[in-house]
Amino acid sequence: MSQLSPARSVDLVGVATPIAVRELAPWALFVALFAVLALYFVGAEQGATSLLAGDTVHEWVHDGRHLLGFPCH
Ligand SMILES: [Zn+2]
């Protein structure tokens, strides 16, 4: 039967490595832009504004519009 030494038990627990803000910033910006784009397509595209012709985008996100309370029909 093996016993864990104190150093080994520390390895099993793991140590959280902090992430620098400058490493996290590009990902945060990407997620923010993606969220704004998704919010635009769910909330405004082919409703108040329209970048794409037709109603395909509106039909794809129609349930999301109602779920989030955007005016629809
Ligand atoms: Zn609707």
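Colleague: Which backbone oxygen does the side chain of Gln-46 reach?

Modeller: This is a predicted model, in which local features need pLDDT of at least 70, side-chain atom pairs count only at pLDDT 80 or more, and totals for chains, interfaces and linings use all residues. Residues are numbered from 1 along each chain as its sequence is written, and side-chain values use heavy atoms, with hydrogens and water left out. A polar contact is a pair of N or O atoms within 3.5 Å; within protein, one must be able to donate a hydrogen and the other to accept it, and residues adjacent in sequence count only if both atoms are side-chain atoms. Here the side chain of Gln-46 reaches the backbone oxygen of Gly-54 at 2.7 Å, and that side chain also reaches the backbone nitrogen of His-58 at 2.8 Å.

Colleague: Where does Gln-46 lie?

Modeller: Helices (H or I, at least four residues) and strands (E, at least two) are DSSP runs, numbered from the N terminus. Gln-46 lies in the loop between helix H2 (21-43) and helix H3 (56-60). The protein chain has four helices and zero strands.

Colleague: Is Gln-46 buried or exposed?

Modeller: Buried means under 20% relative accessible area, exposed over 50%, and partly exposed in between (1.4 Å probe, protein chains only). With a relative accessible area of 15%, Gln-46 is buried. Of the 73 residues of the protein chain, 14% count as buried.

Colleague: Which residues is Gln-46 in contact with, leaving aside its neighbours within four places in sequence?

Modeller: Contact means heavy atoms within 4.5 Å. On that basis, Gln-46 is in contact with Leu-52, Ala-53, Gly-54, Asp-55, Thr-56, Val-57 and His-58.
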